[in-house]
Amino acid sequence: MKAIVYDQAGLEPEDPRALYDADLPVPAPGPRDLLVRIHAIAVNPVDTKVRRGIAPEGPRILGWDAAGVVTAVGPEVTLFQPGDEVFYAGSFLRPGCNAEYALVDERIAGHKPATLDFANAAAMPLTSLTAWELLFDRLGVPEGGGEGQSLLIVGGAGGVGSILTQIASRLTRMTVIATASRPETQDWVRQLGAHHVIDHHRGLVDELKRVGVPSVTHVASLTHTESHYAQLVEALAPQGRLAVIDDPATLDAMPLKWKSLSLHWELMFTRSYYQTEDMIRQHEYLDRVARLVDQGLLRSTLGEHFGRIDAANLRRAHALQESGKARGKIVLEGFGA
């Protein structure tokens with residue numbers, strides 16, 4: 001099968017060795033695995049972080065967002081059958097989805113939204129799971145609740161921010177404030193349901209006051225947490241909650257003490273990495289997201305379509321992802337002849 005791999009860390013995305021085309025055997029499904037023929041993939045920050053920072057023992061397939069069709073199943077599979085259209089984010093422990101075929105445990109895959117094509121569906125899984133877990137599992141906001149509370153989303157125009165803005169504004173009663181700095185990204189998050197949009201380059205506390213929100217009860221810090229940390233602590237109301245998904249070099253919890261603020265980490269890979277007893281929650285969440293999409297309550301966050309799935313296009317996608325200027329998700333589709 002065709003696959004795109006890397007075999008050394010630290011290369012710039014423009015370097016042809018950073019990601020290159022390879023021919024590998026089609027994998028065989030284990031007991032609870034689906035063998036999926038990949039139709040479309042999306043690129044996430046984790047792809048570029050792994051490519052830059054983790055040296056593999058041999059050629060490694062990256063990619064943790066896919067949509068495709070089940071072609072075979074393991075003997076213990078009960079949730080899917082061959083011919084089902086699926087979307088999923090996969091496990092950090094296994095080869096990724098930047099290949100014609102990939103394996104995924106049925107407990108972390110969902111049925112693809114019927115109203116979306118493969119490209120738009122591929123933009124959804126990793127960010128939807130991250131946003132859903134962050135809001136409902138980590139911050140503990142009840143679905144349909146949050147009356148009188150507020151959520152500040154730092155990085156509202158990115159992949160996770162784009163779906164979190166939708167979920168929070170449509171499935172809770174919270175006031176949603178998203179950060180975005182460029183006119184096009186500000187328009188984007190408004191379209192997705194943000195009640196207020198502020199510019200993080202102008203100071204979060206001052207910007208919140210400008211829109212009439214003196215403090216917030218919840219924060220989802222999706223990017224540059226280190227840069228904004230002091231202002232996030234200042235902006236949070238006493239007994240507020242801060243959720244983080246990025247990778248600050250350090251994060252001192254002591255400033256949280258006087259306000260009794262709580263800190264929550266969200267990593268979508270935790271359930272599959274540790275094979276937790278509730279791993280099947282990710283299947284349930286993705287199926288729920290699919291139903292919400294088909295009901296017209298959520299929309300795909302596809303931002304740019306980079307064409308067919310090959311090494312050259314994937315390197316371009318990694319370069320844009322690393323630039324910090326991507327709006328929504330970057331998607332590639334089809335392997336060609």
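This tour moves through the structure one selection at a time and states what is found at each stop.

**Before starting**

The model is predicted: local features need pLDDT of at least 70, side-chain atom pairs count only at pLDDT 80 or more, and totals for chains, interfaces and linings use all residues. Residues are numbered from 1 along each chain as its sequence is written, and side-chain values use heavy atoms, with hydrogens and water left out.

**The whole chain**

Display the whole chain first. Its secondary structure comes to 10 helices and 16 strands; helices (H or I, at least four residues) and strands (E, at least two) are DSSP runs, numbered from the N terminus. The C-alpha atoms fill a box of roughly 55 × 45 × 35 Å, taken along the principal axes. The radius of gyration is taken over C-alpha atoms, and the globule rule is 2.2 Å times the number of residues to the power 0.38. For 337 residues, a compact globule would have a radius near 20 Å, and the chain agrees because its own value is 20 Å.

Of the 337 residues, 58% count as buried. Here buried means under 20% relative accessible area, exposed over 50%, and partly exposed in between (1.4 Å probe, protein chains only). Contact means heavy atoms within 4.5 Å. Among contacts between residues at least 6 apart in sequence, 71% join residues at least 24 apart.

**Stop 1: strands 1, 2 and 4**

Select residues 2-6, which are strand 1, and then strand 2 (20-23) and strand 4 (60-61). These three strands form an open sheet in the order 2-1-4, with antiparallel pairing. Strand 2 and strand 4 stand at the edges with a single partner strand each, so one side of each has no neighbour in the sheet. Two strands pair if DSSP finds at least two bridges between them; strand 1 and strand 2 pair over four bridges. To see one of these bridges, select lysine 2, whose partner in strand 2 is aspartate 23.

**Stop 2**

Select residues 33-43, which make up strand 3. Nine of its 11 residues are buried, so the strand is largely enclosed by the rest of the structure.

- Strand 7 (residues 101-105) pairs with strand 3 over five bridges; leucine 34 stands opposite valine 104.
- Strand 5 (residues 66-73) pairs with strand 3 over seven bridges; the bridge partner of arginine 37 is valine 69.
- Strand 16 (residues 329-333) pairs with strand 3 over four bridges; isoleucine 41 stands opposite leucine 332.

**Stop 3: aspartate 33**

Remain in strand 3 and select aspartate 33. Is this residue buried or exposed? Aspartate 33 counts as buried, because its relative accessibility is 7%. Not counting residues up to four places away in sequence, aspartate 33 touches Ala72, Val73, Gly74, Val77, Arg94, Leu103, Val104 and Asp105. Its side chain makes a polar contact with the side chain of arginine 94 (2.7 Å). A polar contact is a pair of N or O atoms within 3.5 Å; within protein, one must be able to donate a hydrogen and the other to accept it, and residues adjacent in sequence count only if both atoms are side-chain atoms. Phenylalanine 80 is 47 residues from aspartate 33 in sequence and 9.8 Å from it in space, C-alpha to C-alpha.

**Stop 4: helix 4**

Select residues 159-171, which form helix 4. How many of its 13 residues are buried? The helix is mostly covered, with 12 of the 13 buried; among them are Gly159, Ile163, Ile167 and Leu171. From its first C-alpha to its last, helix 4 reaches 18 Å, close to the 18 Å expected; the expected span is 1.5 Å times one less than the number of residues.

**Stop 5: two positive phi angles**

Select histidine 224, in the loop between strand 12 (216-221) and helix 7 (225-235). Its phi is near 55°, a positive value in a residue other than glycine. Histidine 224 is exposed, with a relative accessible area of 52%.

Next, select glutamine 239 in strand 13 (residues 236-244). Its phi is also positive, at about 70°, although it is not a glycine. Glutamine 239 counts as exposed at 67% relative accessibility.

**Stop 6: arginine 288**

Finally, select arginine 288 in helix 9 (residues 281-294). Arginine 288 counts as partly exposed, because its relative accessibility is 24%. Not counting residues up to four places away in sequence, arginine 288 touches Trp132 and Glu143.
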